[in-house]
Amino acid sequence: MSSHIFNVLKQAIVTFTSKKAKPETFATNLQNLIALLDKTTAEHVNLPSHFLNPDLWNNPDKAPVSCIGVYEDDQVSMGIFILKPNGKLPLHNHPQMHGLIKVIAGRVKIVSYSIDTEKTKEIDEKSFQGETPPVLLRHKSKYGIVTAELGDITVADTSSPTCTLEPDFKNLHEIQSLDEPAAFLDILAPPYDYPLEECASRHCSYYTRLSQVAPNIFRLQEIRSPSWYWTDSYPYTGPDLFELNVS
Ligand SMILES: [Fe+2]
């Protein structure tokens with residue numbers, strides 16, 4: 001009998017590899033994936049318990065965030081992020097991606113922004129009076145500025161449903177652990193850095209809030225990865241996934 005995490009990954013691959021060829025099945029496949037993720041726990045991925053011991057994170061040489069790569073191909077990646085108590089993933093983007101986050105330990109606060117919304121387009125049009133915005137105000141530009149609408153501020157724990165983001169909805173976020181170490185399973189599709197026709201550069205970019213230009217509308221400045229943020233990586237030690245053969 002296959003493991004739960006095997007079934008999650010298989011459903012993720014089915015969902016995202018068939019999105020273009022069979023768009024009519026995508027919504028149902030995604031719902032089925034979310035239903036499986038909603039039931040996913042730290043035990044399903046055999047999350048090593050030492051990550052949840054606050055003492056581990058008191059070591060000043062320890063990276064504030066640990067990553068466990070579970071799976072990656074050109075359509076889907078699955079990984080586990082573990083954050084120190086009151087740690088943070090800086091505000092970052094997900095170029096042309098779907099993302100799914102299931103908290104499997106602790107509690108996190110997720111602050112999300114959307115770009116290219118009706119409101120942000122209206123603000124940009126007013127700011128530039130119908131002229132083409134300067135290059136710096138295009139979100140694809142290097143170290144540019146993006147106009148973004150603040151969306152949800154969600155607090156999620158192990159009992160919460162899966163949090164999702166889409167290519168054009170809640171596509172930027174920062175994630176903060178509250179009080180204790182926190183861990184979440186993260187599925188991204190397509191993963192960073194695989195070029196797409198509509199978006200050749202798909203790096204992870206970081207941002208800081210520059211100014212507020214209207215209620216809930218902010219200009220975000222692209223920045224280098226903050227100096228307080230770095231990660232270390234650990235091997236996946238959960239159930240075998242190598243027999244995965246989705247056809
Ligand atoms: Fe993210």
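Author: A residue is buried if 20 or more other C-beta atoms lie within 10 Å of its own. It is exposed if 12 or fewer do, and partly exposed in between. The model discussed here is predicted.

Reader: Why is strand 9 described as largely enclosed by the rest of the structure?

Author: Count its residues against that cut-off. Strand 9 has eight residues, and seven of them are buried, so the rest of the structure largely encloses this strand.

Reader: Which strands pair with strand 9 over seven bridges, and in what sense?

Author: Strand 2, residues 77–83, pairs with strand 9 in the antiparallel sense over seven bridges. There, F81 stands opposite F184. Strand 4, residues 98–105, also pairs with strand 9 in the antiparallel sense over seven bridges. In that pairing A105 faces A183.

Reader: In what sense do strand 1 and strand 12 pair?

Author: Strand 1, residues 65–72, pairs with strand 12 in the parallel sense, over four bridges.

Reader: Turn to helix 2. How do you know that its span agrees with its number of residues?

Author: Helix 2 covers residues 26–38, which is 13 residues. The expected span is 1.5 Å times one less than the number of residues. That gives 18 Å, and the end C-alpha atoms are 18 Å apart, so the two agree.

Reader: Which residues of helix 2 are buried?

Author: L30, L33, L36 and L37 are buried. Seen down the axis of helix 2, the buried residues fall within an arc of 120°, so they line one face of the helix.

Reader: What does that buried set pack against, and what lies on the other side of helix 2?

Author: The buried residues pack against helix 1 (4–17) and strand 4. On the other side, A27, T28, Q31, A35 and D38 are exposed.

Reader: Why is T158 called partly exposed?

Author: T158 has 16 other C-beta atoms within 10 Å. Exposed needs 12 or fewer and buried needs 20 or more. The count for T158 falls in between, so T158 is partly exposed.

Reader: Where does T158 lie, and what is it in contact with?

Author: T158 is in the loop between strand 6 (145–157) and strand 7 (163–165). Leaving aside neighbours within four places in sequence, T158 is in contact with T41, V103, I104 and A105. As for H4, it is 154 residues from T158 along the chain, and their C-alpha atoms are separated by 16 Å.

Reader: What makes the backbone of D179 and D193 worth a look?

Author: Most residues other than glycine have a negative phi. D179 has a positive phi, near 70°. D193 is not a glycine either, and its phi is about 80°. D179 is in the loop between strand 8 (172–177) and strand 9. D193 is in the loop between strand 9 and strand 10.

Reader: Why do D179 and D193 count as exposed?

Author: The cut-off is 12 or fewer. D179 has 10 C-beta neighbours inside 10 Å, so it counts as exposed. D193 has 11 other C-beta atoms within 10 Å, so it is exposed too.

Reader: What is the peptide bond from A189 to P190, cis or trans?

Author: Most peptide bonds are trans. The bond from A189 to P190 is cis, with omega near -10°. P190 lies in the loop between strand 9 (182–189) and strand 10 (206–214).

Reader: Now the whole chain. How do you know that its radius of gyration agrees with that of a compact globule?

Author: For 247 residues, a compact globule would have a radius of gyration near 18 Å. The chain has 19 Å, which agrees. The C-alpha atoms fill a box of roughly 60 × 50 × 30 Å along the principal axes.

Reader: How many helices and strands does the chain have, and what share of its residues is buried?

Author: The chain has three helices and twelve strands. Buried residues make up 32% of the 247. Among contacts with a separation of 6 or more, 77% join residues 24 or more positions apart.

Key
Residues numbered from 1 in each chain as written. Predicted model: local features only at pLDDT ≥ 70, side-chain atom pairs only at ≥ 80, totals over all residues. Helix = DSSP H or I, 4+ residues; strand = E, 2+ residues; numbered from the N terminus. Rg over C-alpha atoms; globule rule 2.2 N^0.38 Å. Contact = placed C-beta atoms within 7 Å. Pairing = 2+ DSSP bridges. Arc of directions from axis to C-beta.
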